[in-house]
Every structure is written in structure tokens, then in C-alpha cells.
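Have the model open as you read.

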Amino acid sequence: RGKSSSRKGSNGACSVNEWTDSFPPTGETVKYKMTSVCGHVMSLDFIAKFNSWDKVDPAELFACPTEKKEATAKLRMPQFLSQEARGSDYIVLWLDCDKEGENICFEVLDAVRGSIKRLDRNTIFRAKFSSITAKDIIAAMNSLGEPDENQSKSVDARQELDLRIGCAFTRFQTRYFQGKYGDLDSNLISFGPCQTPTLGFCVDRHDQIQTHKPEQYWVLQVSIETAAGQRVPLEWERVRCFDKEVAVMFLNLIKAESSAVIASVTKKEKQKERPIALNTVELMRVASSGLSMGPHHAMTVAEKLYIQGYISYPRTESTSYADSFDLKEVLRQQKESSDWGDDCKALLQGGFAKPKKGFDAGDHPPITPCRAASRGELDGDSWKIYDYVVRHFIGTVSQNCKYEQTTVNVKVGDEEFSFSGKKVTDPGFTQVMSWQAIPPEENMPQVKEGDKLDIKEAKLSDRQTSPPGYLTESDLITLMEKHGIGT
């Protein structure tokens, strides 16, 4: 909060900032030194003798020794951290607040262990934060905790499993398949604990498409005309018929009738539910299906917005806001926007709805906007992500979309048909999330029970069953989440 000096670190990649200020845990005035890392400090690998494909049986990789190596040797990160830590009395860890960040915390501690005289719970502190606004940074500094070793060990375990399983199966199947297929055009057939099961979904769908045998069926298409001259197509209650002779019989029965009778008119009030709070999987799914962005690129953009302070941390499994989270304050931040400011003002003046209860994964809160932005401040893809995050948040505290559904049951002889329509009575959250709005329909015909209407057309439509389509990125993300495969 005062003046700071900045210099380039000895590894040429990280800057070092220095300033003097009070230290909340002790209340004393201290000299701060702040720097960064470039991802993981260390990586896991087999010891050298097990890296030979020709001399090592892949099965040995499940039990052979492993070792930690510098993740990027040219950065000399352990040496740089050790050098900068000399003479320090305390260390405050500000890594991302997820499992990977927790693991990097302990990698940093290992690097500085010989440079700080005493490393224990009185000198090691962990900052917990989900956004990097000034308010949240100050709050994190005033409530420092401890790094979580169990979360860090879970990452160590996952890294070891990925290494052992990935390398063992990659080596095995590469050698096996290259011996079976002479025209195999790859020197390496990689196996990944996440990638390979996901590829399996694609293969399963491909097999379904290739083995599908089209089956012919017939649909009875009937249309009627109201007294006002409005022509209305009807939906056949039997939906379809796979026997042509039976379908022709039904058609002849309909053609023997000159009019249709309104059997009942039913009106029901229905609601389209507003969304729950936004997590990473839903953001990636929407980016792929609606924003024309691949999941990886979308996360890169979201992380940039987080670093710039526009949105909260974008890697979270939670879909439930904390009880202490000030939802209305976020609306107040956005109320001057030319895009959704009026929606925010309306909610603050009385339309506010308590969010639906989602899932609290215990990691990070859901993704929310942290400060207002205009289109001119952000590049095209950044604005797309920011725009969606804001609209989704506003949607979660808006009312449900309410509509009236009218269903008209029609009888032609003994055959049953129907037609229906929807009329929006309160757009609710679809006011701001317009792509989810119920599309406007032609006016529902004004009919009542007992009315007789002329049959204008009756015919059979000849169709075939079709296979499912190939999986989209959005479909894959949904399947991965369903089966617990990391995205």
C-alpha cells in the first residue's frame, strides 16, 4: 500500500518487488519481498535407467523408483527462490487456491528450506483468496492460514498415477500395435488416464453410427382449420407406425371423417428454472456450444480476466454461493452498465430472488464478476467470456421464467391428436439471458371444448430412423463430468 521497488530476478523470468509495511500476524513493521514462480517448480520422472523402452518391461514402471526434477531446468527456479529467501523470517504463500496451487506451495517450501532459519507454523503462512481485487487481497492478508499438506499429497499421488499408468500403457500399446499393423503412421500411441477414456466415448458413438441400420416408419400428418381460417398442424398421439399397412389403415379412417372435435383445452402455469451458480465445467460447456471457443482457449481467456481482476477464480467445482457472499453488492457494481444495468437496477428495487442451492465442493466459490467493464476495455473473446459470466450471475438472482402452456386435445373419429402453445407471462432470468428465452409463437387458435373444425389435409409421411450425431465438445465435457473424468 506504499511505495515499492521492482527488479528482475536472477533467473531472468521473475520480477522481485520490495516494500515496507506492517505484518498482520505479528503487528510488526517488516520489509516485504515478493516474487513469483512459473507453474510447478518440480516435476516427477523415473530414474534414468527406467527410461529405456528396449531394456525395461512396461510392467516394471508400476513399481520402479521415481524422482523429482526441476520442471524447467533453464529457469533455475529452486536456486532463484533459495537465493531470494535468504535472511527472511517469514514466508507467505500466495499460490492459486486449488490443489495444484497447494502442491506448488510445498515445492516452494522445499526450495527455501535451507535459506530460512526456521520453517514451522509460526513462520509459514498461506493466503486464501478467490479474486485479486484490492478488497479481497487485503482480506486474505488479514486472515492468513496454513498450507494444506493433504491437498498437496493428493496432487503428488495423482502425478505418480499419471506417470506410471500413462507411460506403462503408452509403451505397451505402442510396441504391441506397431507389431500388428504395418501401416501404422505414428511412432507413439499415447495413453492418458483422462484422454483415453474420453476417446472411448468418441469411439463408442462412432460405432453406434456405423452399425445403425435405418428402419422405415410412417407418420400420420393431419391439419385442421379454425373458424377464423387459421390452419393448425396436429401431433399424432401414436407418434409413428412401423407397419405400412397399419399406417394406411389409420389414414383411411381419418379420411372417412370430415371434421375434428376439440376434446379438451388445458391451461397450466409453468416455470423455466433460472440457472445455478457458475462453475468451470458449465463455463467450458457454454464456451464450446455457444461462444465458438474451445474449452482450453476459454479457460486461458478466463484466467486472464481473473488476473486482471474482472472475474473471480475460474477453476471451481462449486455451484453454491456462500451465505456471507454479498450478492447485491455485485449487482450494484454492474448497475451503470449500458448492457445490463437496467436489469440490475430492477433486481435491486425488488425483483431480487434468492439463488438456488447448488453444490459446495469446498474449493472455490462460483465464478462471478468482480468489477464492472465495458466492451471497449476488453478484446473480443475476453468480452464474450466476461459478458457471459455477468449475465449468468444476474440470471442466478433473477426470478424464474413463467409461462402459460395451453394443450388442446383433438379427436378425429377414435384417433387422438393434439397441438399446444406457450405464452410468456414473466420473462424472469431470460430477460438478461436472452438465448434461453421461450421463442414467440403464432397466436394460439381460440377454440373451446366441443368445437368441430374442418380437416384440411391428411397424409402419410414416409421416414427412416437416423443414428445419433457425432459428439460435440460440449457433449464430451458433459460425459466427462458425468463419469468423473477430470476436465
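## The barrel

Before we get to bridge partners: two strands count as paired if DSSP finds at least two bridges between them. This is a predicted model, and in it six strands form a closed barrel in the order S8-S9-S12-S11-S10-S13, with antiparallel pairing. On average, neighbouring strands of this sheet are turned by 40 degrees against each other, direction ignored.

Take strand S8 (residues 216–225) and strand S13 (residues 452–464): they run antiparallel and are joined by 10 bridges. Within that pairing, Trp218 has Asp462 in S13 as its bridge partner.

## A helix across the strands

Now find helix H6 (residues 244–255). Helix H6 lies across S8, S9 (231–236), S11 (401–412), S12 (415–426) and S13, and runs at about 165 degrees to S13.

## The second largest pocket

Next up is the second largest pocket, with about 770 Å³ of space. Of its 32 lining residues, Ser130, Ser131, Asp136, Phe325 and Pro365 are the closest to the centre. Two elements give two or more residues to the lining, helix H3 (134–141) and helix H9 (327–334).

H3 provides the largest share of that lining, with four residues. Sorted by class, the lining has 11 nonpolar, 12 polar and nine charged residues.

## Gln159

Is Gln159 buried or exposed? This residue of helix H4 (residues 149–180) has a relative accessible area of 13%, so Gln159 is buried, the cut-off being under 20%.

Leaving out residues up to four places away in sequence, Gln159 touches His40, Leu44, Lys68 and Asn103.

Methods. Residues numbered from 1 in each chain as written. Predicted model: local features only at pLDDT ≥ 70, side-chain atom pairs only at ≥ 80, totals over all residues. Heavy atoms only, no water. 1 Å grid on protein atoms, 1.4 Å probe; cavity = no way out; pocket = protein on both sides within 12 Å on 5 of 7 lines; lining within 4 Å. Points joined across faces, edges and corners; volume = space filled by probe spheres on them. Nonpolar A, V, L, I, M, F, W, Y, C, P; charged D, E, K, R; others polar. Buried < 20%, exposed > 50% of the residue type's maximum accessible area, 1.4 Å probe, protein only. Contact = heavy atoms within 4.5 Å. Axes fitted to C-alpha atoms, helices over the stretch in contact; angles between N-to-C directions.
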